[in-house]
Amino acid sequence: MNIWNTTSDFILLGLFNYTEAHLFLFVMVLTIAFSSLVGNALMILLIHQDVHLHTPMYFLLSQLSLMDMMLISTIVPKMAADYLSGKKSISPAGCGLQIFVFLTLAGGECFLLAAMSYDRYVAVCHPLRYPVLMSWQLCLRMTMGSWFLGAADGLMQAAATLSFPFCDAHEINHFFCEAPTLVRLACADTFVFEYVMYICCVLMLLVPFSLILISYSLILAVVLQMRSREARKKAFSTCSSHLTVVGLFYGAGIFTYMGPKSYRSANHDKIVSVFYTIFTPLLNPLIYSMRNSEVKGALRKWLISKIYKELIKLNTKETNNPNMKWDNSLLDFYLFCDISLQLSGLLVTTR
């Protein structure tokens, strides 16, 4: 096979073709991505605005939301632009940058989820010692460590992947540049690189995943000793939902980066990649945050404050202008939001 000039562009074949069924799936993916961006942005806003959420737990949640927003923004806009325009090329520099940013965020999230599980372990198993065992200094160190380790892995894999000579077939059967898919196009022996990448995956995936399982096992052991049936039910529900999201994220990553090639195909890789690049970022704010009564309370206060300010503005305008008629629609909307949020908070509490 001829060696392909590394200054030429790659061609991303994408996730969808131009049939009606795939067009519907494309719109659905865009809807999920937009919902994920809105949900995570709202989560960051609420944590920033409400002083009661200025704790290590919610700081870690805000970092998770930030990573998810950046992950969506790294992949979906390019994928959508390629599908709509029909131009599916990407330069080697752009491909390397996408690999670097993607692995920085995905790798950082692996460690961040482990830090969050440790936070929950301390909160449940050692609540009186929480300020000592989960101090702000430790929280910031774990957060910075997550970003740094993710960036180190991303830089190493992006540089190593693009250092290979590539063959004539420069079509990437994927919807974004991912190291395992790109390595398949290399016209060189990639055994050493794949072995090193496997070791990195053990450190980036299996070690944090094992720590998460240990943390939640210890949490469940404490939960089983609770006398209150409702408390046990609520704790089991929370832990199971957290582990579901963690399982989807780590399971998809392990399949893509550590699974044997003989059991994988390009279509399977693309479908699995959708889980941890598009689907999981939507679940994170729902599972970790929106089911939380404190977050719901912060959302309620934020909405009330915004609507109250608008009511004051309208009242001021009406006072200055006697001919202006009062618009009750905003007041009705305020009452509707207030009642709805109170009912939703009541439902969560009764669960």
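## Aromatic pairs

Phenylalanine 166 is buried in this predicted model, its relative accessible area being 2%. Its ring forms an aromatic pair with that of phenylalanine 10, and the arrangement is edge-to-face, with 5.3 Å from centre to centre and 90 degrees between the planes. Because phenylalanine 10 belongs to strand β2 (residues 10–12) and phenylalanine 166 to strand β4, the pair ties together parts that are 156 residues apart in sequence. Phenylalanine 10 also counts as buried, at 1% relative accessibility.

Phenylalanine 102 and tyrosine 276 form another aromatic pair, which is tilted, with 35 degrees between the planes and 5.9 Å from centre to centre. Here the residues lie in helix α3 and helix α9 respectively, so the pair ties together parts that are 174 residues apart in sequence; both phenylalanine 102 and tyrosine 276 are buried. A search of the whole structure finds 15 aromatic pairs, and one aromatic cluster is formed by Phe16, Tyr18, Phe26 and Tyr83.

## Salt bridges

The whole structure holds 3 salt bridges according to the search. In one of them aspartate 269 is joined to arginine 184, with the closest N and O atoms 2.5 Å apart. Since aspartate 269 lies in helix α9 and arginine 184 in the loop between α6 and α7, this pair ties together parts that are 85 residues apart in sequence. Aspartate 269 counts as buried at 2% relative accessibility, whereas arginine 184 is partly exposed, with a relative accessible area of 38%.

Aspartate 82 forms a salt bridge with lysine 78, and the closest N and O atoms are 3.1 Å apart. These two residues of helix α2 are separated by about one helical turn, because they are 4 residues apart. Aspartate 82 counts as buried at 7% relative accessibility, while lysine 78, with a relative accessible area of 24%, is partly exposed. Aspartate 119 forms a salt bridge with arginine 120, for which the closest N and O atoms are 2.9 Å apart; aspartate 119 is buried at 1% relative accessibility, and arginine 120 is partly exposed at 21%.

Lysine 270 lies in helix α9, which runs over residues 266–290. This lysine is buried yet has no salt bridge, and the nearest side chain of opposite charge, that of aspartate 269, is 9.8 Å away. Aspartate 269 itself forms its salt bridge with arginine 184.

What the side chain of lysine 270 does make is a polar contact with the side chain of asparagine 173, at 3.1 Å. Leaving aside its neighbours within four places in sequence, lysine 270 is in contact with Asn173, His174 and Phe175, and also with Gly14 and Leu15.

Helix α5 comprises the 27 residues 136–162, and at 1.5 Å a residue it should span 39 Å, which agrees with the 39 Å between its end C-alpha atoms. The buried residues of α5 are Cys139, Thr143, Ser146, Gly150, Asp153, Gly154, Gln157, Ala158 and Thr161.

The elements that cover these buried residues include the helices α2 (56–85), α3 (92–125), α6 (179–183), α7 (191–223) and α8 (229–258), together with strand β4 (166–167).

Methods:
Residues numbered from 1 in each chain as written. Predicted model: local features only at pLDDT ≥ 70, side-chain atom pairs only at ≥ 80, totals over all residues. Heavy atoms only, no water. Buried < 20%, exposed > 50% of the residue type's maximum accessible area, 1.4 Å probe, protein only. Lys, Arg positive; Asp, Glu negative; His and termini not counted. Salt bridge = Lys/Arg side-chain N within 4 Å of Asp/Glu carboxyl O. Polar contact = N/O pair within 3.5 Å; in protein donor to acceptor, adjacent residues only side chain to side chain. Contact = heavy atoms within 4.5 Å. Expected span 1.5 Å × (residues − 1). Phe/Tyr/Trp six-rings, centres within 6.5 Å; stacked < 30°, edge-to-face > 60°.
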